[in-house]
Amino acid sequence: RVPSTALERAMVALSSLQAVLGTLLMLHSMISMQHFRDFTLATESTESPPLDIIAECLIGMGLCIVAVVARAGTFMEIKAAPYEAKKRYDALNYRSNFRIFNHRHRAFFGDQKLR
């Protein structure tokens with residue numbers, strides 16, 4: 001869908017910039033994590049990753065998620081089909097083939113009657 005108003009074009013541009021920034025943050029955190037991994041292997045230490053790397057990765061991921069949702073535009077309302085709109089909610093999921101009464105009694109005890 002092509003954005004028609006100036007506001008929609010600005011939102012698309014902003015979300016594109018946001019996606020690029022989020023991707024760059026995630027790439028930088030990946031490189032920083034690799035440097036940290038090389039450091040821990042060289043010193044044979046068992047430290048956890050620094051919080052700045054974890055925060056950078058989470059912020060980058062959040063920016064990318066928000067950018068994708070903003071780029072999608074407005075969400076459409078989900079409406080039921082006209083013939084299903086008049087049905088009650090419990091009748092929509094009714095499947096008669098699942099209402100058969102079967103259990104493992106017959107497999108364990110043969111055709112004996114249940115008491």
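**Entry 1: the chain as a whole**

I began with the contacts in the chain that have a separation of 6 or more, and found that residues 24 or more positions apart account for 64% of them. I note here that the model is a predicted one, and I read every value below as computed from that model. I then looked up the secondary structure, which comes to 5 helices and 0 strands, so that I could follow the pattern α-α-α-α-α along the sequence. For burial, I found that 12% of the 115 residues in the chain are buried. The accessible surface of the chain comes to about 10500 Å², and I noted that carbon and sulfur atoms hold 64% of that surface.

**Entry 2: helix α1**

I turned next to α1, which covers residues 6–43 and has 38 residues. From its first C-alpha to its last I find that α1 reaches 55 Å, which is close to the 56 Å expected at 1.5 Å a residue. I listed the buried residues of α1 as S15, Q18, G22, S29, S32, F36 and T40, and when I asked what covers these buried residues, I found that the cover includes α2.

I looked at T40 separately, a residue placed in helix α1 that counts as buried because its relative accessibility is 11%, under the 20% cut-off. I found that the side chain of T40 reaches the backbone oxygen of R37 at a distance of 2.9 Å.

**Entry 3: the residue after α1**

I followed the chain out of α1 to E44, which comes after that helix and has a positive phi. The phi of E44 is near 55°, and I noted that this is a positive value in a residue other than glycine. E44 lies in the loop between α1 and α2, and I recorded it as exposed because its relative accessible area is 72%, where exposed means over 50%.

**Entry 4: helix α2**

I looked up α2 at residues 51–72, a helix of 22 residues that reaches 32 Å from its first C-alpha to its last, close to the 32 Å expected at 1.5 Å a residue. I found I53, E56, G60, L63, C64 and A67 buried in this helix. Seen down the axis of α2, the buried residues fall within an arc of 100°, and I conclude that they therefore line one face of the helix. I set beside this the general point that an α-helix has 3.6 residues a turn, so residues three or four places apart point the same way.

On the other side of α2 I found L51, L58, I59 and A72 exposed. The cover over the buried residues of α2 includes α1, and I had already noted α2 as part of the cover over the buried residues of α1. Just after α2 I came to G73, which takes a positive phi of about 90°.

Leaving aside its neighbours within four places in sequence, I found M26 in contact with C57, G60, M61 and C64. I also looked up the pair M26 and I54, which are 28 residues apart in sequence and 9.9 Å apart in space, C-alpha to C-alpha.

**Entry 5: the cysteines**

Two of the contacts of M26 are the cysteines C57 and C64, and I wanted to know how many disulfides a search of the whole structure finds. The search finds 0. For C57 I found that the closest cysteine sulfur, in C64, is 9.7 Å from its own sulfur, which is too far for a bond, since a disulfide needs the two sulfur atoms within 2.5 Å. I noted C57 as partly exposed, with a relative accessible area of 31%, whereas C64 is buried, with a relative accessible area of 19%.

Terms used. Residues numbered from 1 in each chain as written. Predicted model: local features only at pLDDT ≥ 70, side-chain atom pairs only at ≥ 80, totals over all residues. Heavy atoms only, no water. Helix = DSSP H or I, 4+ residues; strand = E, 2+ residues; numbered from the N terminus. Expected span 1.5 Å × (residues − 1). Buried < 20%, exposed > 50% of the residue type's maximum accessible area, 1.4 Å probe, protein only. Arc of directions from axis to C-beta. Contact = heavy atoms within 4.5 Å. Polar contact = N/O pair within 3.5 Å; in protein donor to acceptor, adjacent residues only side chain to side chain. Areas by Shrake-Rupley, 256 points an atom, 1.4 Å probe, with all protein chains shown as cover.
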